[in-house]
Amino acid sequence: MSDAEATPPPGPGAPRTRAAVPLRHRPVTVHAWDDIVFAHWRCEPETLARLVPRGTRPDIVDGSAWVGLVAYVFRETRVPPFPPSTRLGSMTEVTIEVLTVDDAGRRGIAYLTVDTPNVPAIVAAHALLGVPYTFAWARSRRRGETVSHRSVRRPGRVRHPIRAVRQARRAGRTPGSSGARHAASVRAVAGKVDTSPLAADLTTRAGIHARLLAQTLFWQRQHPPLTVRSARLERLEGDLPEVVGLPGLFDRSPDSVLVVDGTTVRYAWGDVVR
């Protein structure tokens, strides 16, 4: 029996948790995330249904289906029982994701893209997890309560990221400094703590629905209770939504902007959805 089936949904007056359900299996990876920005838009379910894996559908939250731009700093990776790895260092990840649910009631997300400069993460995610990581130059900055993230892909170089880095270094320039395409840039100013049910539903999901070969997999995701804060959007630009099949998404303001300062995220095997 799945966790979603074993635990009934909370009633109207029941307390809500911001921590994902306990893992059913030992974690396969543990990660430290910082400076997390969530920007979410309401969408018609029909718009998103064609983008999610088989056996899942867009989750209806507060009367709408949702798609989000989520960006964060990825500071540490651990593969139990081994100690944390410092070789990966810090990196920025910028994602576009759809809130999903499957027939077992597991509420997760489906990544449409995860843009990052980390080549080992890209290779491992594609081969083992079915998560669509894509090579991009990405960076983050925090000044006080202002959090900024930016990613830039370069057409023709995504398929050969190591070669692109070496060519840029031989030419004496910063990788990705010219010919920018397929970019996403977000800057938000964190405000007061948001304890609304909507904020919890948008930020705390039980796992990932991912395509791997002919199957749809569910990977559990668990973290401590989150401190979610409302945020004011200062900048949002780029054409990344067009690349994943959502043209014009950035032309309208997000319906929700939130910031989480940091958390530890654990992933574990969940199930074969289909």
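# Reading strands, rings and cores

Q: In which sense do strands β12 and β13 pair, and over how many bridges?

A: Strands are DSSP runs of E, at least two residues long, and helices are runs of H or I, at least four long; both are numbered from the N terminus. Two strands pair if DSSP finds at least two bridges between them. Here β12 and β13 (residues 256-272) pair in the antiparallel sense over 3 bridges. R229 stands opposite V259 in β13.

Q: What should I know about the model and its numbering?

A: It is a predicted model: local features need pLDDT of at least 70, side-chain atom pairs count only at pLDDT 80 or more, and totals for chains, interfaces and linings use all residues. Residues are numbered from 1 along each chain as its sequence is written, and side-chain values use heavy atoms, leaving out hydrogens and water.

Q: How many bridges join strand β9 and strand β12?

A: Strand β9 (residues 181-193) and β12 (residues 228-238) pair over 8 bridges, again antiparallel. S185 has E237 in β12 as its bridge partner.

Q: What describes a pair of aromatic rings?

A: The distance of the centres and the angle of the planes. Rings of Phe, Tyr and Trp (its six-membered ring) pair if their centres lie within 6.5 Å; planes under 30 degrees apart are stacked, over 60 edge-to-face, the rest tilted. This rule gives 4 aromatic pairs. One of them, W33 and Y72, is stacked, at 4.0 Å centre to centre and 15° between the planes. W33 is in strand β1 (residues 29-43) and Y72 in strand β3 (residues 65-78), 39 residues apart.

Q: Are W33 and Y72 buried or exposed?

A: Buried means under 20% relative accessible area, exposed over 50%, partly exposed in between (1.4 Å probe, protein chains only). Both W33 and Y72 are buried.

Q: Why is the pair of W41 and F250 stacked?

A: Their ring centres are 5.7 Å apart and their planes at 20°, so the pair is stacked. W41 lies in strand β1 and F250 in the loop between α6 (240-243) and β13, so the pair ties together parts 209 residues apart in sequence. W41 is buried, at 0% relative accessible area. F250 is buried too, at 12%.

Q: Which residues touch the most other members of the largest nonpolar core?

A: A nonpolar core is a set of buried Ala, Val, Leu, Ile, Met, Phe, Trp, Tyr and Cys residues joined through side-chain atoms within 4.5 Å. The largest has 32 residues; W33, I36, Y72, Y111, V131 and I208 touch the most other members. Apart from it lies another core of 29 residues, among them L51, A110, L240 and V244.
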